[in-house]
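Thanks for coming, everyone. Let me put the structure up, and then we'll walk through it together.

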Amino acid sequence: MAHCRNCGNHLLFRYHFTIAKVCEQCGYVVSLDPLDKSLYKPEPVPDEYCLDLIHKTVSLKKTQGIVTGRLRYFYTEGYLNKWPLCFEGKHLWICESMGHYFMLMPSVAGRFPKDLEVEDTVTHEGVSYSVDAIHQALGYSMEGELPDFDTYFSEFSSIECSNDKQILIIHQDAQGAQIFFTGMDITFNEIISILR
Ligand SMILES: [Zn+2]
């Protein structure tokens with residue numbers, strides 16, 4: 001439970017570890033990181049989404065969840081949409097990039113060389129992947145409530161790796177700090193089928 005530092009609005013949090021939330025009343029970002037005292041209004045979100053999942057209810061493996069927010073990263077080429085899906089205080093991300101849909105879960109930390117290149121092979125948790133693409137993120141826009149999201153981490157490279165079953169995505173900042181996500185491809189129809 002917390003209050004907006006800008007307008008005092010009472011804020012409810014769904015996740016055990018919500019990192020940031022856009023205040024419904026004033027539109028400012030409230031970070032729950034005690035070290036982050038910044039107060040800012042995010043860029044308005046462009047409304048050109050082919051599929052808007054925010055606030056949608058989702059049913060997955062007999063558990064009901066809700067999409068609590070939306071992040072959109074702008075890359076030098078293209079973009080990445082990420083919607084956090086809240087299940088009993090835990091979360092996963094539904095993602096879309098250039099019409100390609102996938103799901104990502106936070107993964108255990110790893111440590112890869114800072115200078116990975118496309119076609120390199122990497123091993124994470126005993127599984128090997130090849131590096132398919134490296135994108136440079138230039139900025140982002142955000143809405144709603146976001147778990148597992150570092151508001152300092154606005155400029156980074158997204159290192160996209162896969163094998164024939166799984167996806168591994170690493171967000172790496174200029175200092176080489178890395179955040180790991182693993183997941184799998186999902187089709188547009190599969191997303192539609194879990195929406196209620
Ligand atoms: Zn507010």
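Start with strand β3, residues 18-22. Four of its five residues are buried, so β3 is largely enclosed by the rest of the structure. Buried here means 20 or more other C-beta atoms within 10 Å of the residue's own; exposed means 12 or fewer; partly exposed is in between; and the C-beta atoms are placed from the backbone. Strands are DSSP runs of E, at least two residues long, and helices are runs of H or I, at least four long, all numbered from the N terminus.

A word on the source. This is a predicted model: local features need pLDDT of at least 70, side-chain atom pairs count only at pLDDT 80 or more, and totals for chains, interfaces and linings use all residues. Residues are numbered from 1 along each chain as its sequence is written.

Now, which strands pair with β3? One is β12, residues 127-147, which runs antiparallel to β3 and is joined to it by three bridges. Pairing requires that DSSP finds at least two bridges between the two strands. Within this pair, A20 has L146 of β12 as its bridge partner.

Another is β4, residues 29-31. β3 and β4 are also antiparallel, over three bridges. Here V22 stands opposite V29. The two strands form a hairpin with six residues between them, and there G27 takes a positive phi near 85°.

On to the loops. Where do we find a positive phi in a residue that is not a glycine? H55 is one case, at about 70°. H55 sits in the loop between β4 and β5, the latter being residues 57-60. With 13 other C-beta atoms within 10 Å, H55 is partly exposed.

M98 is another case, with phi near 55°. Its loop lies between β9, residues 90-97, and β10, residues 100-106. M98 has 10 other C-beta atoms within 10 Å, so M98 counts as exposed.

Let's step back to the whole protein. How many helices and strands are there? One helix and 15 strands. The C-alpha trace spans about 50 × 40 × 30 Å along its principal axes.

Last item: burial overall. Of the 196 residues, 24% count as buried.
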